[in-house]
Amino acid sequence: MLRSKKTLLMLALVAAVCLMAQPALADRLADAIAESKPTGEPGYMGIPGGPQLNIIIGFLWAIWVGWIFSTVGAFGGIMAGVGHITIYGLGDYASSFGKGSKMNKVVTDSIRVSNQWLVGCSAALSSFNYYKAGRLVLPLGIALAIGSVAGSWLVPWLTAGKISLKAYLGYFGLFVLFLGCYLFYQTTPKGQAGKQAAKKAAEAFQKSVKEQQQGSTVDMTEMGVKVQKFTPTVCEFTFFGVEFNFNPLIPVVGGFCIAALASFLGVGGGFLLVPFLTSVAGLPMYLVAGTSALAVLIGMVNSIASYMLLKQTPVAWGLIGAELVGIVIGSVIGPKTSKFIPDKVLKYIFIVLALYVGIRYTTKGFLGYSVVPPF
């Protein structure tokens, strides 16, 4: 409890510094302003005539972002994207400058890296909390993280300043829609075939939670993840008495591909990691959130550095500061509440959000309008 309070205080202080900082006019943003010649009161990132963002809305939305990511191990970046693109109106604002303008692309990249600041913060807190609870498969998370390093540096270097808002929205939605459909398939009887170990572990975990609620003394951490064997080609571990194993080389390759796609979309990659961890690694959802968070954290640190150091992508530090406070609150609540939600319900939360967000942004990106209403 004391550690949690210290973490909250530390991040609150960081956020306060961000709130007092002035948005940095990087050379890239200054060039975009000079080209577009916008007029009006300084708004987002100090751009004349830019949107005036309410940091209270950012704070409240970030609580939801932190909770959903720390609960299902995904959708933090996507929900952050929904906030920045739609709720704050930055998507329409970027589009107003035209597809080929520098301002369109610099605002689009700013949305991408702003999403990642929120996810990186949530991932750090979630990884720590799930590790303490014995619900993080450390070797698997490290293997994914190793692969993610190259992917999260490569894509920003190749695509920063080259992707328009319209193309970004379309690809953003398409990937989310595909993965929502895929995870829905995984809940069908055919998709569940071969997932008996995950089902057995989930049932054992749920039984222990119920016993704890009824007053029994249950050491949840002691029954958590225990690594039995780890070599370059084999890792074996147990979770609530159920044995699992995987080849560490597979998540290294998977981590590279996932981080590359996630960095391109400007999200954390959890929505890609969840299907990977449940399907390829065969984990129950109770282990997915923490393991996903660790891999996402490494990818976010690399991707943020790549966007901001290599490509001079600016962000609105005042908004980021308010959102970080919300992220901390949501990320602390998530691990404490997720154990009371059935494994199947966690999957359905993921599926519903994936279908909604996927349809909305796929149609908006490729058709020019959304066929589903906003939140």
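## Basis of the model

Helices (H or I, at least four residues) and strands (E, at least two) are DSSP runs, numbered from the N terminus. The structure is a predicted model, in which local features need pLDDT of at least 70 and side-chain atom pairs count only at pLDDT 80 or more, while totals for chains, interfaces and linings use all residues. Residues are numbered from 1 along each chain as its sequence is written, and side-chain values use heavy atoms, with hydrogens and water left out.

## Helix α6

Helix α6 covers residues 102-132. The end C-alpha atoms of α6 are 45 Å apart, in agreement with the 45 Å that its 31 residues should span at 1.5 Å a residue; the expected span is 1.5 Å times one less than the number of residues. Of these 31 residues, 24 are buried, so α6 is largely enclosed by the rest of the structure. Buried means under 20% relative accessible area, exposed over 50%, and partly exposed in between (1.4 Å probe, protein chains only). After α6 comes G134, with a positive phi near 75°.

## Packing of α2 against α6

The axes of α2 and α6 lie 8 Å apart at an angle of about 145°. Axes are lines fitted to C-alpha atoms, for helices over the stretch in contact, and angles run from 0 to 180 degrees between N-to-C directions.

Contact here means heavy atoms within 4.5 Å. On the α2 side, R28, L29, D31, A32, I33, E35 and S36 take part, and they meet K102, M103, K105, V106 and D109 of α6. By class, this contact comprises five nonpolar, one polar and six charged residues. Ala, Val, Leu, Ile, Met, Phe, Trp, Tyr, Cys and Pro count as nonpolar, Asp, Glu, Lys and Arg as charged, and the others, Gly among them, as polar.

## Helix α15

Helix α15 (residues 343-367) has 25 residues and reaches 36 Å from its first C-alpha to its last, close to the expected 36 Å. G368 follows α15 and has a positive phi near 95°.

## Positive phi in loops

M45, a residue other than glycine, has a positive phi near 60°. M45 belongs to the loop between α2 (27-36) and α3 (55-72) and is buried at 2% relative accessibility.

F240 is likewise not a glycine, yet has a positive phi of about 55°. F240 sits in the loop between β2 (235-239) and β3 (242-246) and is buried, with a relative accessible area of 8%.

## Cysteines

Zero disulfides are found in a search of the whole structure, a disulfide being a pair of cysteine sulfur atoms within 2.5 Å. C121 is buried at 12% relative accessibility, whereas C257 is partly exposed at 41%.
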